[in-house]
Amino acid sequence: MTGEPNTRLSDLFGLAGWSKGELARMVNRQAAAMGHLQLATDTSRVRRWIDMGESPRDPVPEVLAALFTERLGRVVTIEDLGFGRRGRVGKRRKAGTEDNPDGLPWAPERTAAVLTEFTGMDLMLNRRGLVGAGTALAAGSALTGAMHDWLHSEPAPARGPRLNDPLYADNAGFDLYEAAPVGSEEIEALERSVEVFRAWDASRGGGLQRKAVVGQLNEVGGMLAYHHPDHLQRRLWGVAANLAVLAGWMSHDVGLEPTAQKYFVIAAHAAREGGDRPRAGEALSRAARQMVHLGRPDEALDLMKLAKSGSGEETLPRTRAMLHTIEAWAQASMGRGQAMRRTLGEAEDLFVSDKGDVSPPSWMQMFDEADMHGMQALAFRTLAEHDPGAASTAQRHAKRALDLRMNGRQRSKIFDYISLASACFIADDPEQADRYARLALVSMGETSSHRTWDRLREMYRLTGQFAGYAKIEDLREEIENALPPRTSSRKAKGSRI
């Protein structure tokens with residue numbers, strides 16, 4: 001007990017709208033349902049948690065996390081409640097200090113526990129039809145400040161929590177996979193499943209398979225609780241990192257932004273536990289892309305600085321090229337045309353310098369020449385909002401990307417069409433813009449990507465200056481009919497992806 005109010009718990013308690021007596025009764029009922037029949041919480045104890053900073057004993061933090069998750073319709077973890085696993089009590093951010101509510105970076109034995117707890121809560125939201133959004137994203141600078149030294153240091157040997165040690169008896173997972181040893185064949189099957197999920201996401205968007213990916217990740221978190229031989233444990237961490245990136249990207253794709261950010265952070269931790277610093281950097285670059293999408297390019301640049309510097313010297317040139325394209329997109333969003341062009345030039349040099357003598361990791365195999373041109377098109381199209389002269393270059397790259405796109409990359413094709421149409425509108429070429437916009441619309445119904453709708457809304461804004469043209473009036477009507485109502489989980493302005 002600290003004697004100071006737990007303002008994290010107090011804030012969430014206020015949002016939930018319960019009385020202290022109601023919460024005490026619900027804790028007792030929920031604990032009994034989870035097999036803890038002996039628990040007896042009363043109003044005075046709830047008051048001590050909130051007003052005096054008392055930390056309840058297990059299993060109360062887990063019980064409270066489940067209750068608040070269901071009540072608020074978004075994942076609420078033990079840390080969110082101010083019950084840090086090392087006795088930390090949550091406080092509001094003070095002026096001049098950085099907020100680090102999750103205690104980043106996590107110790108090695110904590111990553112699997114966070115993974116299983118968060119995925120279990122996420123699955124509970126899916127089962128009960130709740131929204132799963134409604135909290136704020138951490139600032140990119142806060143993540144960078146918390147993780148910089150950790151990411152740049154050498155990782156400890158991969159290991160799982162010691163199940164028989166009470167210090168690590170952290171049964172955080174709801175839907176926790178029963179810890180048991182797995183062999184190389186099981187891990188190979190998990191690695192193949194990642195490829196299937198990744199291909200589905202690229203083709204159809206994140207909405208339809210997100211729950212399956214989260215469920216698979218939850219099971220892998222349970223497997224990591226068993227201490228396997230190092231070579232198997234590292235491969236399991238690699239599977240966890242790949243699944244966490246996919247879960248984050250799919251969450252971002254359907255508008256669950258805070259959930260997506262949490263998965264990207266989990267992925268960075270899992271990758272580093274497996275000794276794969278380039279993968280950790282790529283996971284953070286996903287968080288940076290998310291920030292640009294949400295109109296926060298300055299924070300994206302903070303994250304990209306960490307992603308690039310923390311990836312390590314073993315990062316392949318093509319991976320480094322990909323990281324440069326994201327940085328360039330953030331610079332374009334800020335109207336920094338000279339810096340953007342310089343960064344894209346470095347990306348091109350890195351891309352062509354990759355001789356292909358070293359096989360790229362599985363998570364980089366989708367970044368090919370088409371994606372390189374697609375990201376260049378996006379950067380120049382974004383810069384064209386500040387410098388219309390960039391629109392012609394955006395068109396050239398988008399057309400080249402479309403020429404190179406392989407089957408199974410439907411979402412990327414839609415993005416290319418929208419980038420191309422948008423650049424044509426900015427270049428005062430409504431005839432060509434109408435053609436490419438309609439090609440995008442034809443394919444929109446085949447994906448479950450909210451990001452395509454966001455990009456379509458941005459394109460719709462550009463049609464306003466041509467509202468007097470009959471063909472464009474028809475296009476505007478078709479776009480209005482195609483777009484779903486904007487949900488509160490999406491940021492209304494600043495979206496550029």
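**Helices, burial and ring pairs in a predicted model**

Me: At 3.5 Å, which residue's backbone nitrogen does the side chain of Gln-331 reach?

Reply: The model is predicted: local features need pLDDT of at least 70, side-chain atom pairs count only at pLDDT 80 or more, and totals for chains, interfaces and linings use all residues. Residues are numbered from 1 along each chain as its sequence is written, and side-chain values use heavy atoms, without hydrogens or water. Gln-331 sits in helix α13, residues 317–333. At 3.5 Å from its side chain is the backbone nitrogen of Met-340.

Me: Which residue joins its side chain to that of Gln-331 in a polar contact of 2.8 Å?

Reply: A polar contact pairs N or O atoms within 3.5 Å; within protein, one must be able to donate a hydrogen and the other to accept it, and residues adjacent in sequence count only if both atoms are side-chain atoms. Beyond four places in sequence, Gln-331 touches Leu-301, Arg-336, Ala-339, Met-340 and Thr-343, where contact means heavy atoms within 4.5 Å. The 2.8 Å partner of the Gln-331 side chain is Thr-343.

Me: Is Gln-331 buried or exposed, and at what relative accessible area?

Reply: Buried means under 20% relative accessible area, exposed over 50%, partly exposed in between (1.4 Å probe, protein chains only). Gln-331 falls in the buried class, because its relative accessible area is 8%.

Me: How many helices does the protein chain have?

Reply: Helices (H or I, at least four residues) and strands (E, at least two) are DSSP runs, numbered from the N terminus. The chain has zero strands. Of its 497 residues, 58% are buried. The helix count is 20.

Me: What share of contacts between residues at least 6 apart in sequence joins residues at least 24 apart?

Reply: One example of sequence distance is Phe-197 with Leu-246: 49 residues apart along the chain, with C-alpha atoms separated by 7.9 Å. Phe-197 also touches Leu-246. For the protein chain, the share at least 24 apart is 76%.

Me: Which helix holds Phe-197?

Reply: Phe-197 counts as buried, because its relative accessibility is 12%. Its contacts beyond four places in sequence include Gln-209, Val-213 and Met-250. Its helix, residues 184–204, is α7.

Me: How many aromatic pairs does a search of the whole structure find?

Reply: Rings of Phe, Tyr and Trp (its six-membered ring) pair if their centres lie within 6.5 Å; planes under 30 degrees apart count as stacked, over 60 as edge-to-face and the rest as tilted. The search finds six.

Me: What is the centre-to-centre distance in the aromatic pair of Trp-18 and Phe-68?

Reply: The pair is edge-to-face, with 65° between the planes. It links distant parts of the chain, 50 residues apart: Trp-18 in the loop between α1 (7–16) and α2 (20–33), Phe-68 in helix α4 (60–72). Both residues are buried. Their ring centres are separated by 5.1 Å.

Me: How far apart are the end C-alpha atoms of α17?

Reply: The expected span of a helix is 1.5 Å times one less than its number of residues. In α17, 17 of the 17 residues are buried, so this helix is largely enclosed by the rest of the structure. Just after α17, Asp-428 takes a positive phi of about 65°. The 17 residues of α17 should span 24 Å, and the end C-alpha distance agrees: 24 Å.

Me: Which residue caps the N-terminal end of α1?

Reply: The buried residues of α1 include Leu-9, Leu-12 and Phe-13. They pack against α2, α3 (43–51) and α4. Gly-17 follows α1 with a positive phi near 80°. At the N-terminal end, a side-chain oxygen lies 3.2 Å from the backbone nitrogen of Arg-8, and it belongs to Asn-6.

Me: Which helix contains Ala-401?

Reply: Ala-401 counts as buried, because its relative accessibility is 0%. Beyond four places in sequence, it contacts Ala-370, His-373, Gly-374 and Asp-416. Its helix, residues 391–404, is α16.
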